[in-house]
Amino acid sequence: MRVVVVESPAKAKTINKYLGQDFMVLASFGHVRDLVAKDGAVDPEQDFAMRWEVDARSEKHMKAIAEAVRKADALYLATDPDREGEAISWHVRDVLAARKVLGETPVHRVTFNAITRAAVGAAMAAPRELDRELIEAYLARRALDYLVGFTLSPVLWRKLPGSRSAGRVQSVALRLICDREAEIERFTEREYWTLKALMANTGGQTFTARLTHLQGRKLDKFGLPDEAAARAAEAVVRAATFSVGKVERKTTKRHPAPPFTTSTLQQEASRKLYFSASRTMSVAQKLYEGVALGGETVGLITYMRTDGVQMAPEAVAATRDAIGRDFGGRYLPDTPRVYKTKAKNAQEAHEAIRPTDPGRTPAMVAPYVTKEQLALYDLVWKRTVASQMASAELDQVAVDLTAADGGAVLRATGSVITFDGFLKVYFEDRDDAADGDDDTNRLLPPLAEGDAVDRRDVSVEQHFTQPPPRYTEASLVKKMEELGIGRPSTYASILSVLQTRNYVRLDSRRFVPEDRGRIVTAFLESFFARYVEYSFTADLENKLDEISAGQRGYLAVLREFWDDFKAAVDQIQGLRVSDVLDALDAELGPHLFPASDEEGAVDPRACPKCGEGRLGLRLGKFGAFIGCSHYPECRFTRPLIQTGDDDGGAEDLSAGPRPLGTDPDSGKPVTLRKGPYGLYVQLGEQEQIGETKTGKPKMGPKPPRASLPQGLDADRVDLAVALGLLALPRDVGAHPESGQMIQAGLGRFGPYLKHGDAYKSLPKDDDPLLVLTIGLNRAVDLLAQQGGGRTRMASRSLGDHPTDGKPVMLKDGRFGPYVEHGKARATVPKADRENLDGLTLERAMELIRLKAEKDAAKAAGGAGEATADAKPPKKTTTKKAGAASAGTAKKTGATKTKPPAKTTTPRKASAKKASENKAGANKSGAKT
């Protein structure tokens, strides 16, 4: 027998079917050991010696692997084909060797990029040794992350109470988000105007043109800086006569994007599917490990952690065959497209993420996968096929319209797709695309040089420049990859950690730094500037990649980093907390105390309580806050870090409610208020309806209230939003399958959808106001994700039970449909599930009866076994039986003793008698 070790049980199950009975495939369930979770696990004084430990969860898996290897002829380590997979294999072998399990058993390393019968078979036929360079690259990364975390985090805890932790890459990603926020705060909007004219050719066909030149001067974006300039230009255009001056025509091509890498898959899934990075990787993992198709489990996509964009020659050929078959020869280029990437690390050797069989269309796999899996597979399939298709072709036209007096030039542009090419299958989305007209498929009427054109209308429009947008998950991943910060396989965990530690939050799917995160970033920039520089982090990543390639020794990289880093940490250890506060106060002053441009504005640092002290950053036991410099004489404070129960820092409502307007139906005022559990909106006021006997006011019922969804800023709450929240739950629409109404509401755990007895929480990373705007199609899709892609059936009555008249219900639960009568339930068998509409009352009653008989038989059998195995009770209400039984068992030392049958009855009788005595005592007024 030969033993194969993989990471996951799903992967083990699939591969076991491929290899047959001569192999035993076991799962390690990820990493089997890690560094000891305390200081000293990496010892720089001992040449960075590392101390590892197998945790309790992994110990049972290692025992199972060790037991199998003792009897095995060979051990195959078949973990993932990347650095982490190599590390897991090394850990498994190292633990087995330390436990003296391996002996003379040969150890082989095998890797495959796809979980298919052919790929696994080819890998097993070509085993290799463990890759020492990849292992050393893993050791270097793990040691660096440990040294930074265990050295820097305690400094944060001492100098910045309330801070959580710092990390080698995590802190740099946080800085990106904080820097963008600071850039937005510094942004000053600028006014500009544009002019459009509606023109017509000699045939009366209209088109739009923009003003580009005025009085011989080419206009840039700010060529018309204010309304006066815009109106003057309008007058010139209205007074002029125009003709066609120049016509430019050209044909352009748009080329397809390469197949997915890890980062581009995360970006596109975020843009198109609204998946978070972690959700994308989780769904991709399931597609990689395989689903059951026609009786055989097969992986649908190749390995999903890769920086490579190239495809295997056989995959390119299969993709081209699919294109020729499904779209025709016009869509197939003469030669295959070849893509190359600039990535330098070891993962470059892997293929791009692609379908294992390009001929397996999304429609073919749809019956076997969940909606999430289908959506992601559809994205991968389309991107792969499009990458080998012909380019799209566009005809572009630009026409200059010249005024007769030369005072103005207007330009009209248009284009049309003459051949869609790869666009027939796939179009790549962009992040934060600039505003402007899309000329694609906007045709211009026939125009020739010298033709007269008629001016129909002229309009001017005011604009203001916009600040740079906050990062989405997609744009942040793209930026990190551009800067070389981290590696795509780690992006999902980095973004998750930043949110878990409350350094950032997602608002309308964009990252907003919390004050805690900004303070940590300011601290690191002030005292550890080098280690949060983008260039330093990218350079260190390159060195780690060179270790993977065998071009550097990992101990040399660790020594070079540690010597400088330790010196920086030692230097700040001597700083007083007041020194740190002064530096942070200066760094964050513009954010914490924004100045106002209004005339007569109050100094933002002036204490509102004493009027003499200055506000500044202070540190307490539970973190940072704003306090007065005249403490303790003045004890004014205000919170710095707003929690999820607060208003998100948007507004201070402690002084009283904020009026939002008047309800048009009732005429009552609508207000935004702050309570002990956060912000809420209220309709009207609680009225006094009289007085109590003691003269105290007697209040009427509380007015309608609604809490704000988590993540909703107070400044987004207006009258319309408030009335929408107060009106919840609301009807979304009738479900197309059941006909039952779907409702959207706001509950204890946040916004939700309700369909019959089924509830579905709305995605937390979506717009907090989605509960007010969600439509029927999106609601049906979300409900279908409940229970692995299956639409939950609405409950219905099958009829009343003849014995008690209570309804017998057909319901849909977590594990499928079931019938219910009172507290009795029975699962509907698979044979009956095929025609649930035909399920009768009689059949439901039979299922409930069979389930009750089964439970009774099981209980009777279980009671017999329990009686045979049980030890007699130490205490019983009947001394003779109980004490004698216990004494006998103790003397004989028996481990299994059957107590006398009489023991149970006296205990029940005694309990009943005690109950009667108690009742009698209470009845007679005696104390119990």
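Is glutamate 820 buried or exposed? With a relative accessible area of 10%, glutamate 820 is buried, where buried means under 20% relative accessible area, exposed over 50% and partly exposed in between (1.4 Å probe, protein chains only). The model is predicted, so local features need pLDDT of at least 70 and side-chain atom pairs count only at pLDDT 80 or more, while totals for chains, interfaces and linings use all residues. Residues are numbered from 1 along each chain as its sequence is written, and side-chain values use heavy atoms, with hydrogens and water left out.

Glutamate 820 forms a salt bridge with arginine 825, and the closest N and O atoms are 2.7 Å apart. A salt bridge is a side-chain nitrogen of Lys or Arg within 4 Å of a carboxyl oxygen of Asp or Glu. Arginine 825 is partly exposed, at 49% relative accessible area. The structure holds 43 salt bridges.

Aspartate 179 and arginine 175 both lie in helix H6 (residues 170–186), four residues apart, about one turn of the helix. Helices (H or I, at least four residues) and strands (E, at least two) are DSSP runs, numbered from the N terminus. The closest N and O atoms of this salt bridge are 3.0 Å apart. Arginine 175 is buried at 16%, whereas aspartate 179 is partly exposed at 25%.

Arginine 411 forms a salt bridge with glutamate 248, with 4.0 Å between the closest N and O atoms. This pair links distant parts of the chain, 163 residues apart: arginine 411 is in strand E16 (residues 408–419) and glutamate 248 in strand E12 (residues 242–254).
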